[in-house]
Amino acid sequence: HPETLAMLNIFLILCQLLPIVRMINTVFFPCDTDGNTTAVDCYGRPLTSFSFIRSPTVVSLNLSETKILQLRQHALSGVPNLETLEIKGNCQPGDLRALEDRSCKMEIHDDAFKRLLKLKYLYLSGNSLTTIPWLPESLMVLDLQFNNIFNILQPLNTPNLQILHLNSNCFYVNPCNQSFNISERVFRELPKLKILTLGYNNFSAIPKGLPPSLERLDLKENRITEVLEYAFANLTLLNDLNLEWNCQRCDHAARPCFPCPGNLPLGLNPHSFYETLCKLAGVLFWPLENLKGLDLSDNLLAYTIRNGTIFAELKGLTWISLIYNYEPLWTFREMILSPYFGNMSNLQRLLLTGNFFHTLSLESLDIVSKLQNLKVLELRMNFINTCNMTSLKRSTSLINIDLSQNMLNFHPCCSSPSFQIGQQESCQNQKSYSHNFPDQTLMLIDRKATSGSDTWEYNHSERLALFENNVSQIPSLLDFKKKFCNGKLLLDLSQNDILSINNNMFVGMENAVCLNLSYNYMNQALKSGLFKNMKKLVVLILSYNRLDFYYKDALSELKETLKVLDVSGNEFHFQMRGMGHRFEFLQNLTNLEFLSLANNGIGMRIDHRLISRSLKYLYFSGNHLDIMWDSDNKYTHFFQNLTNLTFLDISDNHLASITPEVLVNLPGSIETLSISNNLLKYFPWQNISALANLCHLNLSQNFLYYLPHTVIEFGVDFSLLDLSHNHLTNIPEGFFRMATSLHYLYLSHNQIKALNHQFLPAPFKNGSALQKLTLHANPFKCDCDTSWFADFLRTTPVQIPYLTTDVHCDYPESQQGVSVLSMDQRSCQDIYGGLAFVVCSFFAVAFTVLPLLKHLYGWDLWYCLQVLWAGHKGYSQLAGRDSQYRHDAFVVFDTQNRAVRDWVYNELMVILENTGHRRFSLCLEERDWIPGLSCIENLHNAVYNSAKTVFVLSSGATGGERVTGVIRQAFFMVQQRLLDEKVDAAILVLLDEMFPKLKYLELRKRLCRKSVLSWPRNPRAQPLFWNQMRMALSSDNLRSYDNNMSESFI
């Protein structure tokens, strides 16, 4: 029954809402849990396993969009009483898969659910599954959408199953390259199945053996080209059938399209229809006595709508969708409905959008008037240019007439067709074309379904998103339409070609309660009498036109009835320079409650005050109050005379600040004030007491960076404050001291790093009235000083959305991105306690032992310390020496040895001083010593004014060492320099291989091999020698010492 299905849908949606409205419990962190640990929500957490969730009280578990890719045999043994399990979107199939998850593979053990004897709801969509695991008999709902299951042969062993979702297992985004196959045995063992969805599955025929218990069947967007005669013969309980877009039209498809062979419409078995495939025979649906909803959208059934007999037996039908069944490249002069439409006596919703005709024939209007229960007639997107509203008036039950997105203008001179109209109705004329057919790009419109259930789900998703975004639910135009138009006549003429309003265009619409004229081309000044025939009009929507409101008597004929007026988006005249504007007409609308002046760019040359005693809700967003309130206080009292105003929206007005004068001159009756999405850096908090009735204040999406440290006198009914998306860094203790009734506080997306535990703001303390607090997207500091904050978040009774997912640490850097709840105050206590013990123990021992040791072994301890310190410090360079040298090297050699002289002057000096990237400055005895000074003085200056001292050694004629007195003295000075300055400047060059192996040379080679060089006999090795020489002259010898050498004796 529809009531049962509706209740089941509501129950499922409430189950999905439970994770949002419950209290946050961190027992299974990072997952959310309700107070009784019955529902665990791990949605979107980066979990790879859930072994930590073990409790017999858990009955609902959500593991959707996690990193869990494997379900072992005993993975769910810790939750034996599970009734609802969701594992959705962990490994999407085909092109739906994210780039980082290209290689993912979901594996579920065949017996993973075997122990869950109480499982009723199982959601496994979006996991790329290829087989169905063993399922418990208790299962009532099974969701297997968006997988790779397209061949089901074995029964599911679920006799209690009522809902089975198999959508999108084989379609263009998730291709399987074959037809979906499901065995009759599967359906035979599902005696209680009520809802079966098989859309987007590449079915080429209607499955056989469908269970007779079905109440809803969805076969949309498959490749079903033929419906056999007895396909639905046993579905006597079916009340909702969807065959949308099987014979697909591809002339304007926005995605891959697969038409029926020959681009023909949906066909039947030859025994169930006659003549051609243009018609669906009535025998097809005659067994479906309980059918309530039928969707035949997008099946090329233009001629079936005109001549079809299938409507004759659909007497119990309450809604039918025939949208987008237009004949390709053809527009009919008039829409002719099959006379069998009149047999659908219970029809309440008739959807004829996108069938392309210019007017409804008189015969069709007569048929519509016979549908005594018809409430909704949808004729959107049909290129209608003429409509007999008087004839529609005969349908007394109609409460919603949708003529939007057409070509209506209500001017007699423009009513004739603008291009050739086709009137042929036989199948032989199907291939005719209208040469002036409208641009195909105009047909790319939203194909949103308009059935009652889909509309409800859409509104529900909108509200859910609104709730999750923590935005205060302020009333909108949609809410007022529902309030005043529900069950009343609603006429939608939006998005047409209406150029102006005149009192003759509403003939036949006199009983309309709600009228929508938005998004037209009306460019006129509103005057009195335009709506004089509409005595019942309550809601009037004139948004997004070019209307001028200058005249005082505008709309005065509606003063007794009009309650909702939307004139937003009429900025054309307000943007004209030098043009004045008035809103005096508002005074005459004595019953007006809702007014939208949003997005008009209002900023100058308007009335200094808005005056109305009845207005309650005013939307003034998208204007220029920044200009108005900077104009020498002319508009300070702009809203003051709206004496009954309870809601004011002045968001998106480019306001950088609000002066105290402006705030105190707002109507004192205001209960909700929205100033979001501005540029506010300052707000006069001290003057908020002037708004004694204020309950809700929205200051989100501004640039506020501080709150005053004084006590603010909020009203006794003040319950909601939205400060999200600002730049606040701290919350003063006294600011909320008088906000005793504050229930909702939104502080998300700010720059709050920490709260002072000792000076905690009043709403954060136990016993406050606060019910909901948002803190996510703040750069919290997580250290031991703020560890109490994690305990506060765990224990507070206040609801904190996104606590386990988006309340993260930002400081210190090591904790960046970690959840605040991961801090453990006890670990900080352990650290501090252990540190205190060590420090106290050290001081106790020190102050006890040190005096005793000093008394007994004072001198010995002093001596040992001095020795140890000397050993540790080692030798150090004497202070006061100049580190700048006159020469890079002093070359010492036997000047009497001609071979050595020749090598030094013709090789060493030429190579080092005149070639290479770096040229060295050498000091030579015969060239650079100063005449007149003694030999020892010149030698001393040469050694100490050079960075290095190069000893060129060669054996004598006898083969022994030949070391002159100058060389010896230079060697002693270099050694003395090593002792005094801790500078090793010696470089030894051996010109002969037969040079005696002195102990010093052997020790030098072991200590610093790079400072002992030998002249090679092979000319090819000489470049290597010069490279080694340059490196020795440029580097510090001490850094080249062997690692085994140590300066100290410790």
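Good morning. I begin with His654, which counts as partly exposed at 38% relative accessibility. Please bear in mind that this is a predicted model. His654 is not a glycine, yet its phi is positive, at about 60°. The residue sits in the loop between strand 28 (647-649) and helix 9 (660-664). Tyr200, also a residue other than glycine, has a positive phi near 55°; its place is the loop between strand 12 (195-197) and strand 13 (216-218).

I turn now to the cis peptide bonds. One of them joins Phe29 and Pro30, with omega about 15°, and Pro30 belongs to the loop between helix 1 (2-21) and strand 1 (32-33). Another joins Tyr811 and Pro812, with omega about -10°. Pro812 lies in the loop between strand 35 (809-811) and helix 12 (825-873).

Phe29 and Pro30 bring us to Thr804, which touches both of them, as well as Cys31, Asp32, Arg45 and Leu821, leaving aside residues up to four places away in sequence. Thr804 is part of helix 11 (residues 803-806). Is Thr804 buried or exposed? Its relative accessible area is 5%, so Thr804 is buried. Its side chain makes a polar contact with the side chain of Arg45, at 2.4 Å.

Finally, let us consider strand 38 (residues 946-953), where seven of the eight residues are buried. Strand 36 (residues 887-892) runs parallel to strand 38, and five bridges join the two; here Ala889 stands opposite Lys948. Strand 39 (residues 986-990) is likewise parallel to strand 38 and joined to it by five bridges, with Val950 opposite Ile987. Thank you for your attention.

Note on methods
Residues numbered from 1 in each chain as written. Predicted model: local features only at pLDDT ≥ 70, side-chain atom pairs only at ≥ 80, totals over all residues. Heavy atoms only, no water. Buried < 20%, exposed > 50% of the residue type's maximum accessible area, 1.4 Å probe, protein only. Helix = DSSP H or I, 4+ residues; strand = E, 2+ residues; numbered from the N terminus. Pairing = 2+ DSSP bridges. Polar contact = N/O pair within 3.5 Å; in protein donor to acceptor, adjacent residues only side chain to side chain. Contact = heavy atoms within 4.5 Å.
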